[in-house]
Amino acid sequence: MTRLCVSIYVEAIATAKRDIAEAIEAGAEMIELRLDVMTDLVLANQLVEACSVPCIVTCRAAYEGGDCELADGERVVFLSTLATAHDAYYDLELIADKRVPHSNAGRLILSSHDFKGRPDRLYNLMEEMNARPAAVSKMAWMARSIRDCQEAFELMQSRQRPTIAQCMGEAGQISRILAKKFGGFLTFAAVREHATTAPGQPTIEQLKQVYRWDALDADTRVYGVVGSPIAHSMSPAVHNAAFAQAGINAVYVPLLVNKGYESFKAFMETYIVGDGPLQMDGLSVTIPHKENALRYLREHGDGVDIEHLARTIGAVNTIVVDRSHGKPQLAGRNTDYAAILDTITSALSIDRSALKDKRIAVIGAGGTGRTGVAALAAAGATVVVFNRTIDRAQALAREFDGKSGTVVAAPMDKLSECACDIFINTTSLGMSPNVNDSPFGEHPPPLSSANLVFDTVYNPPRTKLLQQAESRGAQTASGVDMFIHQAAAQFELWMSLPAPVDAMRQALTDRLTPPTL
């Protein structure tokens, strides 16, 4: 059994007692009390007594990232006294364990932490810990990249006794989310955001409500979204809601993969085609790796199925992995293409054939803009590409003009004069936290009820651009609509089942709606 342990840094007794109660109410199966600056034995006893679930007492030394200034001998006496009195676990660094003789090894969590990166002698260090008397071995280090997590999974999977192996930092977060899949002794969570005790620590609410902690087991299939940055992504909440609604034993996780093709390739070799303990079953791909995904699939060799649309657009946002024949078979798709068309046609209650009669402004010449131009040109529309750098707009127009619609370029300062039927923003202007920005600026083009303004930004759902459009009577479509269309298509590619669209939309709406105070 892998326990869900909430770690609480104790600074004040009353606050700590409140946090203990809140954590247990939220479903914590264990509490870690970080007593670095609270070493009064009487007060510490009160806190342990307040824990109605098993407890770990920790007083982390400054030399391993803590704030305790007590000498090792004093810390050992303090922690072992607490543990013995309450049958609690106590966490002590391997360095201190070797320096100070002590008893009660049956409740000892023997630990090693490296906040700079992966220890040079990682496996030797684990062997050394396992050779010493203790109940649990714990290894934590700052992930250099997401590939470090694979070694954390190996340490848990090959454990000689109960083991905690977790990588710190955003790149290491999946080692915490998936600890239950690999039989870790516990995973650490925070009682709330901004109350973490280590970098990359999720909250208990995130683990239970977003990452389906209670449903995870050794057979859970793993999917995820690759990008950089990735912490802001709403995809985990949406896809995990879909898995839960459909009763599928799967979890979807954020995957921070550093910029550059070599980083993406290394990730794919580790988690998709490699033979390590975690072999993933499907990926969403976002900025900046959509082009890298296409390149990787092209270079991977024969047998890779890349749809013509993805090749034409020059980007893959979905990778399907078929492991039913032993060696993984890969397929690359672009679900953004159809999502853009479906969002427009749904908003206007038309079919795709009607787009050939529309004049459409595409704002932005980046990845999403390119996908929109390709989709709309193929549908026969007349497309005007607006971009701050006119050279990029002209290059994009030349590439897709005549396939089968007409595509031309225009400078951004002409947008306010544009007489198009549909306007699509594919830039990040207006995205949270810059909610007062709009590609229209303060001078929108002439708009009426005959126009549709479509913003691919989904956070916030009602951007300044859409507010401007609504105030002039135009029809609108939000990035939420596009997001759900493309996510539903991904789900169906992976699962060969109809997507539970309502559950996915509700999950996204819940995440984007500020809590009511």
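1. Helix α13 meets helix α17 through Thr-335, Asp-336, Ala-339, Ile-340, Asp-342, Thr-343 and Ser-346, which touch Asp-481, Met-482, His-485, Gln-486, Ala-489, Gln-490 and Leu-493 of α17; contact means heavy atoms within 4.5 Å. By class, 5 of these residues are nonpolar, 6 polar and 3 charged. Ala, Val, Leu, Ile, Met, Phe, Trp, Tyr, Cys and Pro count as nonpolar, Asp, Glu, Lys and Arg as charged, and the others, Gly among them, as polar.

2. This is a predicted model, in which local features need pLDDT of at least 70 and side-chain atom pairs pLDDT 80 or more, while totals for chains, interfaces and linings use all residues. Residues are numbered from 1 along each chain, and side-chain values use heavy atoms, without hydrogens and water.

3. The axes of α13 and α17 come within 8 Å and cross at roughly 130°. The two helices are therefore oblique to each other, since angles under 35 degrees count as roughly parallel, over 145 as roughly antiparallel, 65 to 115 as roughly perpendicular and the rest as oblique.

4. Helix α13 (residues 335-348) also approaches helix α14 (residues 367-378), with axes within 9 Å and a crossing of roughly 65°. The pair is therefore roughly perpendicular. Asp-336, Tyr-337, Ile-340, Leu-341 and Ile-344 are the α13 residues in this contact, which has 8 nonpolar, 3 polar and 1 charged residues in total.

5. Elsewhere, helix α9 (residues 235-246) has 12 residues. Its buried residues (under 20% relative accessible area, 1.4 Å probe, protein chains only) include Pro-236, Val-238 and Phe-243. Just after α9, Gly-247 takes a positive phi of about 70°.

Methods
Axes are lines fitted to C-alpha atoms, for helices over the stretch in contact, and angles run from 0 to 180 degrees between N-to-C directions. Helices (H or I, at least four residues) and strands (E, at least two) are DSSP runs, numbered from the N terminus. The expected span of a helix is 1.5 Å times one less than its number of residues. Buried means under 20% relative accessible area, exposed over 50%, partly exposed in between (1.4 Å probe, protein chains only).
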